[in-house]
Amino acid sequence: MSVSVEAGAPRSDQARATRTLTVTGLNHALHDGYTDLIYVLLPVWQAEFALSYGLLALLRGLYAGAMAGLQIPVGRVAERIDGKIILIAGTALSALGYVFAGLSGGVIGLGLALALSGAGSSTQHPIASSAVSRAYGAGARGPLGIYNFSGDLGKAAIPALTSILLVIMSWRHTLLVLALAGLLVAICIALWMPSVGKGAEHKASTTSRRASAGGGFPWLLAIGILDTAVRMGFLTFLPFLLRDKGAALPTNGLALALVFIGGAAGKFSCGWLGARVGTLHTVLITEGGTAALILAVLLLPLAPAIVLLPLLGVMLNGTSSVLYGTVPELTPPHQTERAFALFYTGTIGSGAIAPVLYGLLGDALGPTLATAATALTALAICPLAVALARHLTDEANARSADA
């Protein structure tokens, strides 16, 4: 997969872009790993502090809520302060939150520490995505797909590392080790990442690519919210569907792993696909494929259903890379951080609310029909993609090439 800046860019700009993508990818892996390692520690905290399931969910919610709720304010701050400084401070703050978590003496201190770490993680999505977008210009779709994919690497690596560390040391020392890793990443950002600049500094640099697009961001946000709802709704019911087909617990674990592996591949590959065939065609492929494969999983016996899960994972997660790569095209350059913050807040919020709504539907209709509703939601995205395509330069270029 080739990754390059705009045609004619000097080698120095290419080197800066590569450094930006490398450092932001490392940072993304760290923060997404920080987010998911909490799942590994929940049973440990339950035993340590005698917590109910409700309180455990609250601990997880404090981190996620702080991360989601502060992204839009962070996007606004980035219009006045160099994004690199914000990214360094946020990464250090997230690591510091885990230091305090490791030193906490009770559940209240632990909750405050997790909220602090989540607040630090609120900086990385809007700032890092904008940094990659500006570094690569019109060629940012593929690099944004790689940036998106790097988060999945962190989700796989850091919880696994946490599990290993918990075997050889206490959970408190484990968190201190992971916090040290976060501080090292903050130092890497300070030393090697090029300056991002203030959003306001980019007012005069509007390219023709962005100038030709306008009014499409609400369509993009709606697609992102529904796409996340489909993914989270389906994953909510998948274990129960497989159980009803005769799957044991280990088989369910394997099935989820296959979906996640496919999802990581989808994030990596669909950013590249979107750069070549356009947003509309890619979204139609991934959402149509998602609907068809969900229905196939519902209808097929256990073994062939499991075989389809990696491909379904590609379709479920692939759309997201295309959507992230489209955000800069629909946004004035000085508001890129704000747009990414709004987009990530909408999708993260959808990921929190959608399982509840589909769960209520499952209570009323059963898991099979509720899962079928996720396939219908995926199909409902297709007309929204057609509406979005009218605002996109890549679709206009595709029509011109066809002519």
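## N252 in helix 11

Let's start with N252: with a relative accessible area of 9%, N252 counts as buried, because buried means under 20% relative accessible area, while exposed means over 50% and partly exposed covers what is in between (1.4 Å probe, protein chains only). N252 sits in helix 11, which spans residues 249-277. Helices (H or I, at least four residues) and strands (E, at least two) are DSSP runs, numbered from the N terminus.

What does N252 touch, leaving aside its neighbours within four places in sequence? The answer is L238, P239, L242, R243 and A247. A contact here means heavy atoms within 4.5 Å.

## What kind of model this is

This is a predicted model, where local features need pLDDT of at least 70, side-chain atom pairs count only at pLDDT 80 or more, and totals for chains, interfaces and linings use all residues. Residues are numbered from 1 along each chain as its sequence is written, and side-chain values use heavy atoms, with hydrogens and water left out.

## The whole chain

If you look for strands, you'll find zero; the chain has 16 helices. Along the principal axes, the C-alpha atoms fill a box of roughly 60 × 50 × 30 Å.

Of the 403 residues, 53% are buried. Take the contacts with a separation of 6 or more: 85% of them join residues 24 or more positions apart.

## Two nonpolar cores

A nonpolar core is a set of buried Ala, Val, Leu, Ile, Met, Phe, Trp, Tyr and Cys residues joined through side-chain atoms within 4.5 Å. The largest one has 37 residues, and Y34, L37, W45, Y98, L114 and L175 touch the most other members. Several helices each supply at least two residues of this core, among them helix 2 (53-69), helix 4 (83-103) and helix 8 (171-192). The largest share, nine residues, comes from helix 1.

Zoom in on L175: not counting residues up to four places away in sequence, L175 touches L37, L41, W45, Y98, A101 and G102. There is also a second, separate core of 28 residues, which includes Y136, A140, Y147 and F343.

## L220 and L330

L220 lies in helix 10 (residues 217-244), and at 0% relative accessibility L220 counts as buried. Which residues does L220 touch, not counting those up to four places away in sequence? They are L323, T326, V327, L330, F343 and L388.

L330 and P218 are 112 residues apart in sequence, yet 9.7 Å apart in space, C-alpha to C-alpha.

## A50, out in a loop

Is A50 buried or exposed? With a relative accessible area of 68%, A50 is exposed. A50 is found in the loop between helix 1 and helix 2. Most residues other than glycine have a negative phi. In A50, though, phi is near 55°, a positive value in a residue other than glycine.
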